[in-house]
Amino acid sequence: MKKINLLPIACFIFLLLGCEKPLQYKYQDKPQLVTCPGADKALMHEALYSFQEDIGAYYNKFTDYKKGSTTYYIEAYKQFVYVGFIGEANYKEIVTPHTLQVLKKLKENKTLWTLEKNKSKLNYSHEYVSCLFENISDEDMRTRLKSLLEVNYLSPEIVAEPMRVEVLKIVGDEHLAMYMMLDAYYQYLMDIDFSNTVK
């Protein structure tokens, strides 16, 4: 009778069990209008739509707006934009398990983020972010953000109030929405410990 070496089989099983599941994309059927270089297009759109669904569900708990309608997302953006940019949104309540999986993948793009005083910050000079700024459709908003960037004064806290006032411009511009999602949502999620978060 032939002897079977169990060690290679055990190693193979261990590797299979230890492998992290790949991200299951949920929103790839949605329009992907941002084609900026420097980041994975599919991942960035997944991040955007996951963010929109998170804030939509959280801020429409007590509204009659139909899920998926324009008013549903506008209401969510209106409620989130200011507290999101100043870092005071209830991130642990808003975030979903899917978004946490997206966050893991976003963290792999090391050049998209910087560390400042032990906090994660969006790297405004990153190729992808620069492209977002260049392609913002509203000229006033584009000029404002680029001017703040040029004098090294751009931060989420500084743009919180203008973004609150101009929230409809964010909803109607995927480049601006993509910037907001990175600077007002995912950069804050980076530094939160979600290990004890129960969903």
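1. In this predicted model, Tyr72 is found in helix α3, which spans residues 70–85. The residue is buried, because its relative accessible area is 6%, where the cut-off for buried is under 20%.

2. Leaving out residues up to four places away in sequence, the contacts of Tyr72 are with Gly56, Ala57, Asn60, Tyr65, Lys66 and Lys67. Gly56 lies 16 residues from Tyr72 along the chain, and the C-alpha atoms of the two are separated by 6.4 Å. With Ala57 there is also a polar approach, in which a polar atom of the Tyr72 side chain lies 3.1 Å from the backbone nitrogen of Ala57.

3. Leu145 deserves a separate look: when its neighbours within four places in sequence are set aside, Leu145 is in contact with Phe133, Ile136, Leu154, Val159, Met163, Leu176 and Tyr179.

4. In helix α5, residues 97–107, the buried residues include His98, Thr99, Val102, Leu103 and Leu106. These residues lie on the same side of α5, because they cover an arc of only 145° around the axis. An α-helix has 3.6 residues a turn, so residues three or four places apart point the same way. The packing partners of the buried residues of α5 are α2 (41–59), β1 (113–116) and α10.

Key: Residues numbered from 1 in each chain as written. Predicted model: local features only at pLDDT ≥ 70, side-chain atom pairs only at ≥ 80, totals over all residues. Heavy atoms only, no water. Contact = heavy atoms within 4.5 Å. Buried < 20%, exposed > 50% of the residue type's maximum accessible area, 1.4 Å probe, protein only. Helix = DSSP H or I, 4+ residues; strand = E, 2+ residues; numbered from the N terminus. Arc of directions from axis to C-beta. Polar contact = N/O pair within 3.5 Å; in protein donor to acceptor, adjacent residues only side chain to side chain.
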